[in-house]
Amino acid sequence: MNNVTMKNMAIANDAIVNTPTQSIRKHRTSGFAPSTLALAISGALMANVATADDNSIALDKLKIEESVTPDTNPYAVPGAPYLAERVSDPRRTRSLAETPQTITVLTAAEIADSGRSDLRDILDGQPGITLGTGENGNAFGDRYIIRGHEARSDIFIDGLRDPGMTVRESFAVEQVEISKGPSSSFAGRGTTGGAVNSATKRASTEYDFTKVSAGIGTDNYHRVTLDTNQVINYDTAFRANILHAEEDVPDRDPADRERIGAALSLSHQATDKLEITADYYHFEGTDSPDLGTYIDRSTGKVVKDVPSYVQDEDFLESTVDTFTVRMGYEINPKTRLVNLTRYGTTDNGYVTTGASATTAYPTDADATNGTNGYSSVSLNNHQGWQEVEYFANQLNLITTQEIGGLDHELVIGAEYSNQSVLNGVYNTSSTGATNCSTSGRGGVGGAYCLTDASGGSVGDINNLMQRDISKGNQDSDWNVETISLSLMDTVDLTDKWTVFGGIRHDYYDYSNIANFDAGDGNGRVPYEFKYDGGYWNGHVGASYDINPRANIYASFSTATNLNGGESDVGTSCGYGGICVDSSDPRLGDPERTESWELGTKWRLQDDKLLATAAVFRITKHDVMEQPTGDSYSTEGSLNTGKNRVEGIELGLAGNLTDRLSVQAGLAIMNAEVLDSITASNEGKTLANFADKSASLQLRYQATSAFAFGGTATYESARYVGQPDTAANEDLGVPEYTVFDAFATYQANRDLKFRLNVGNVFNKDYYLAAYRSGSFVYIGDKRNAQLTMEYSF
């Protein structure tokens, strides 16, 4: 090869590697994330050199689909921004297309296009997931129902459980991974319907970049983020993600939301074999929360046009601080150790106002006599606080070993966690003058009504109650210490057949000091509930390759849920708190779940489109119930319930064409209560369950600079009730379909604009309802944001 040829190839390599907005850096080869881009491109060029004679060289056309940029997702398929190649959990040893489970991955590019930022909004747009509400004693925060089952404690960050009820944001998230079906062999207790894991952005020595994003919009919206990755030296890099955002809730002023966050990551390649990454995450969420409207119990329908009655002193505050250290050590080319250690604290507190229909009276005397009554809407209190402290360490040995003439992909894991949660109340007293009288469970007394006797609206509705608020005493002290051991194996029996399996044992040391009425005449007093013991869970199955790009699989998995496993509800049995009999305060047996799934996955469009389909059945046994039907009752019947959810789920992610990207899903399900202490509940559907849900997000790259698209979200009607119980089909929220739209314009190599319009047709829709219908979350009305992104 002559000197001219070598020079031309060098110029070609420089043109490819040195992108306009950041510098790509080489670093030494290790067992974790080597920088192979330049070597791969050079190899591709060399491999395609054809020598016609001594003086001429022909190069095949080289197609560059995607260079490393600040937006590059390390888990994504190059050239397909909506498709992930794999999940972030190293225990998942196969690609997403080869993983025998329904897993939906939402990439950072897709999340940014959608305009959604809170994890709650992101997940609510996904099929098979609905939202639940908070209430007194059940902390307001992110609460999800996956395939009909409670999942508020099944939220993970980088593979470690993120305990507590809090608000979660996506500003430092690389992708969101939603695993459907029981996942206890990976995640431990709970995970009946599935689990949600967020993969965070980490520092990398592969590039320098800084990206600033600033957005403004309707409803006093503004959002500013910074994402910068700086290479300190050959082995060390630092990354920072910073957030500040505020907005009024569309059409519900003075309800508003504020988010402040910082995620710092330091990565160091200590040796060729050892990599260490240390992360710190801080987040503050401050809302003036809107509990929306309510259901008219006489008609069973949601009441429209209720004004925003948020009181001036209302708040919902979440503060999160976590420290994480990751270490990866390559023992040899086939074996590596991965260790994660995390310490975190979460504080969540709220005093919120609800509104519900009432019969109001001009005076207490009228209320006592039942005279001169009129229909109105009265305000009520919801309040509580929660303090969470936790420590976790997870160690995994990931190795490929030849056993019996076959290569076994083994994952041997050990995990220790210690979680402590204090729950308590606020002392509140209302100093504002009452404007009506009502009669209720507390007797006759003054109240705060939104309408007067003539039906007119009262004035200054956001300053009626004028509460004095102080932090009160704790009412439960929840603790669980867990030691877990697991073993997983994946084996290719032939070129077409693969078998997989895993087993996990979790040993729990559980205690909870919670207020409890033992029936001895002393009323509700602190009582210590204790339990220690262990449970086995696992998964097993097989897959068959129909062709090199398609497979079918069948799997079976289990899950176990502790009695009292939800940390935020004390002895409120119906919401996952301690369920006991007052005459025998024992914890009883755990709830157990079994799941079958039969599915298929197809890689299409040159591996840039993944199509999935699965049929499934989840059966939950030994469900905790109360014979009284009162979720606050301590007279639990223990392990008398059984329910089943079955259905089909379809998914599509990636590139339909070179210009059209898609993320779509459809879930059609059926839920049924099979056994219940209350015979009339048998045969009914589950509460907070949408039997049909679908989502679609499309992005069309019209030109090299301009792209546009939109999302559509559909949920069928849902009915109120407690988790894992029969729904009250007289009270529910209607089905809805909501459309959003977006457009992006790349002004130049560094500057990009994005316009998002939410709820384009300004539809009235409702996200979730409390079991009595006394409040219903309202979906955001039409809103718009314009965002500028500048990279340098």
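This briefing walks through a protein chain from its overall make-up down to a few local features. The model is predicted, and the protein chain has 792 residues, 54% of them buried. Its secondary structure comprises six helices and 43 strands.

**The chain as a whole**

- Among contacts in the protein chain with a separation of 6 or more, 68% are between residues 24 or more positions apart.
- The protein chain has an accessible surface of about 32500 Å², and carbon and sulfur atoms account for 53% of that area.

- Strand β4, residues 76-77, pairs with β5 in the antiparallel sense, and two bridges connect them.

**A sheet of five strands**

- Here the strand order is β6-β12-β13-β10-β11, in an open sheet with mixed pairing.
- The edges are taken by β6 (103-107) and β11; each has a single partner strand, so one side of each has no neighbour in the sheet.
- The pairing of β6 with β12 is antiparallel and runs over five bridges.
- Within this part of the model, L106 is found opposite V176 in β12.

**A sheet of three strands**

- Another open sheet has three strands in the order β7-β8-β9, and its pairing is antiparallel.
- Its edge strands are β7 (129-131) and β9 (149-150), each of which has a single partner strand, so one side of each lacks a neighbour in the sheet.
- Two bridges hold together the antiparallel pair formed by β8, residues 144-146, and β9.
- I146 has H149 in β9 as its bridge partner.

- Where does R168 lie? It belongs to the loop between β11 (160-161) and β12 (173-180).
- Is R168 buried or exposed? Its relative accessibility is 6%, so R168 counts as buried, the cut-off being under 20%.
- The side chain of R168 also has a polar partner: it makes a polar contact with the side chain of D162 at 2.7 Å.
- Leaving aside residues up to four places away in sequence, R168 touches D118, L119, D142, I155, D162 and P163.

**The disulfide**

- Which cysteines are joined? The disulfide connects C436 and C449, with an S to S distance of 2.0 Å.
- This pair links distant parts of the chain, 13 residues apart: C436 is in strand β25 (residues 436-440), while C449 is in the loop between β26 (443-447) and β27 (467-492).
- The torsion about the S-S bond of C436 and C449 is about 75 degrees, which means that the disulfide is right-handed.
- C436 has a relative accessibility of 3% and counts as buried.
- C449, with a relative accessible area of 1%, is buried as well.

Key
Residues numbered from 1 in each chain as written. Predicted model: local features only at pLDDT ≥ 70, side-chain atom pairs only at ≥ 80, totals over all residues. Heavy atoms only, no water. Helix = DSSP H or I, 4+ residues; strand = E, 2+ residues; numbered from the N terminus. Buried < 20%, exposed > 50% of the residue type's maximum accessible area, 1.4 Å probe, protein only. Polar contact = N/O pair within 3.5 Å; in protein donor to acceptor, adjacent residues only side chain to side chain. Contact = heavy atoms within 4.5 Å. Pairing = 2+ DSSP bridges. Areas by Shrake-Rupley, 256 points an atom, 1.4 Å probe, with all protein chains shown as cover. Disulfide = S-S within 2.5 Å.
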